[in-house]
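Student: Let us go through this structure with questions and answers. Please show the sequence and the model.

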Amino acid sequence: MKILVTGGSGQLAHAIQRFWQGDEVLLPPESVLDLSKPEAIQSVVKETRPDVVVNAGAFTQVDRCETEVELATCINGEAVGWLAEACSEQMALLVQISTDYVFDGKGTRPYLETDPVNPMSIYGKSKLRGEQEARKAREYLILRTAWLYDASGNNFYNTMLKLASQGNPLKVVDDQRGTPTTCRDLARQIQKAVVAGYRGVVHATCSGETTWHGFAAEIFRLHGLNVDLKPCTTADFPRPAPRPAYSVLSVEHRRSLGADVMNDWRQALAEVVKEP
Ligand SMILES: NC(=O)c1ccc[n+]([C@@H]2O[C@H](COP(=O)([O-])OP(=O)(O)OC[C@H]3O[C@@H](n4cnc5c(N)ncnc54)[C@H](OP(=O)(O)O)[C@@H]3O)[C@@H](O)[C@H]2O)c1
């Protein structure tokens, strides 16, 4: 199989390149596959003739999306429609990577794939538009994930390690719940999902749940770091874009489909620490 991945410089794309086994994986740079350019999407898909397109590219700076609405809507929303069209012409499967931000975070139990969506931020709205556009493809799979990180990339894990190395006391939000998910677990799951023939919407996070504070504490514990870490609330650090307070995604549907390869979040974190 030939796999074309968008967002080639991102952390998920990097993990797909590293952990996808046995197939040809193409990661064109953004200068070649720019999601804001329909003609670039059309020509790259036509020239490479992939069996699967994984759309891992996105405008992921959640706060910036609040002011750059048009750009966010284009890259996270409209571009998926252009990809869907190009995939349909090439008979390729479109795998769209979506997010917990399509929910409002007011839930109290893990979100099911069938629960109503209600994004609160521009980022969440633009990603929901992406889901709607993906559904126009002849064959599509929408994988919703959350709290992504790995040993490389611009993410919470690396931010915590950097802050810890500076030796200052840290306050981390303890009233948002979710599931830290490694890019490598998601990359392996995407491959398994494609082979197993998943279609429609499927949640794809690690299992279990914690808060950002709980995640930070486990990072420091596994690294053997003694950090002065204290909990705080979302209200202590106001940000331009609202964050869902509860964004745990149910893994039950995925488990019922078989070929589930995602770990409990603590186990997944331990792997990243042991084998960066
Ligand atoms: N990170 C999370 O916690 C999280 C949670 C839920 C869902 N997701 C979704 O998971 C997917 C992968 O995210 P990630 O964590 O790997 O994010 P990431 O590291 O920010 O990767 C996204 C990549 O897309 C690129 N990109 C931006 N605009 C583009 C354009 N016009 N054309 C082509 N590429 C463009 C970015 O390039 P620049 O760096 O140059 O902008 C970046 O390399 C995304 O769909 C994201 O929405 C992420």
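Tutor: Helices (H or I, at least four residues) and strands (E, at least two) are DSSP runs, numbered from the N terminus. This is a predicted model: local features need pLDDT of at least 70, side-chain atom pairs count only at pLDDT 80 or more, and totals for chains, interfaces and linings use all residues. Residues are numbered from 1 along each chain as its sequence is written, and side-chain values use heavy atoms, with hydrogens and water left out.

Student: Which element gives the most to the shell around the ligand?

Tutor: Start with the elements that each supply at least two residues of that shell: α1 (11–19), β4 (93–99) and α5 (122–134). The top contribution is three residues, and it comes from β4.

Student: How many residues surround the ligand?

Tutor: A residue is near a molecule if one of its heavy atoms lies within 4 Å of it. The closest are Ser-9, Gln-11, Thr-60, Tyr-123 and Lys-127.

Student: How many residues of the shell around the ligand are charged?

Tutor: Sort by residue type. Ala, Val, Leu, Ile, Met, Phe, Trp, Tyr, Cys and Pro count as nonpolar, Asp, Glu, Lys and Arg as charged, and the others, Gly among them, as polar. The shell holds 11 nonpolar and 10 polar residues, and the charged ones number three.

Student: What distance separates a polar side-chain atom of Asp-34 from a nitrogen atom of the ligand?

Tutor: A polar contact is a pair of N or O atoms within 3.5 Å; within protein, one must be able to donate a hydrogen and the other to accept it, and residues adjacent in sequence count only if both atoms are side-chain atoms. Glu-30 has a side-chain N or O atom 3.4 Å from a ligand oxygen. Ala-58 uses a backbone N or O atom, 3.1 Å from an oxygen of the ligand. For Asp-34 and the ligand nitrogen, the distance is 3.0 Å.

Student: What share of the ligand's accessible area does the protein cover?

Tutor: Accessible areas come from the Shrake-Rupley method with a 1.4 Å probe; for residues, only the protein chains shown count as cover. On its own, the ligand has 890 Å² of accessible area, and the protein covers 80%.

Student: How many aromatic pairs are there?

Tutor: Rings of Phe, Tyr and Trp (its six-membered ring) pair if their centres lie within 6.5 Å; planes under 30 degrees apart count as stacked, over 60 as edge-to-face and the rest as tilted. By this rule the count is 10.

Student: Which parts does the pair of Phe-156 and Trp-212 tie together?

Tutor: The pair is tilted, at 4.7 Å centre to centre and 45° between the planes. Both Phe-156 and Trp-212 are buried (under 20% relative accessible area; exposed is over 50%, partly exposed in between, with a 1.4 Å probe and protein chains only). Their cluster also includes Trp-147 and Trp-265. Phe-156 and Trp-212 lie 56 residues apart in sequence, so the pair ties together helix α6 (residues 156–165) and helix α8 (residues 212–223).

Student: How many salt bridges does a search of the whole structure find?

Tutor: Side chains of opposite charge can pair when their charged atoms come close. The criterion is a side-chain nitrogen of Lys or Arg within 4 Å of a carboxyl oxygen of Asp or Glu. One network links Asp-150, Arg-184, Asp-185, Arg-188 and Glu-271. The search of the whole structure finds 19.

Student: In the salt bridge of Arg-109 with Asp-115, which residue is buried?

Tutor: The closest N and O atoms are 2.8 Å apart. Arg-109 has a relative accessible area of 42%, so this residue is partly exposed. At 13%, the buried residue is Asp-115.

Student: About how many helical turns separate Arg-129 and Glu-133?

Tutor: Arg-129 and Glu-133 form a salt bridge, with the closest N and O atoms 2.9 Å apart. Arg-129 is partly exposed at 29%, while Glu-133 is buried at 9%. Both sit in helix α5, four residues apart, so the separation is about one helical turn.

Student: Which backbone oxygen lies 2.7 Å from a polar side-chain atom of Thr-179?

Tutor: Thr-179 sits in the loop between β8 (177–178) and β9 (181–182). At 1% relative accessibility, Thr-179 is buried. The backbone oxygen belongs to Gly-208.
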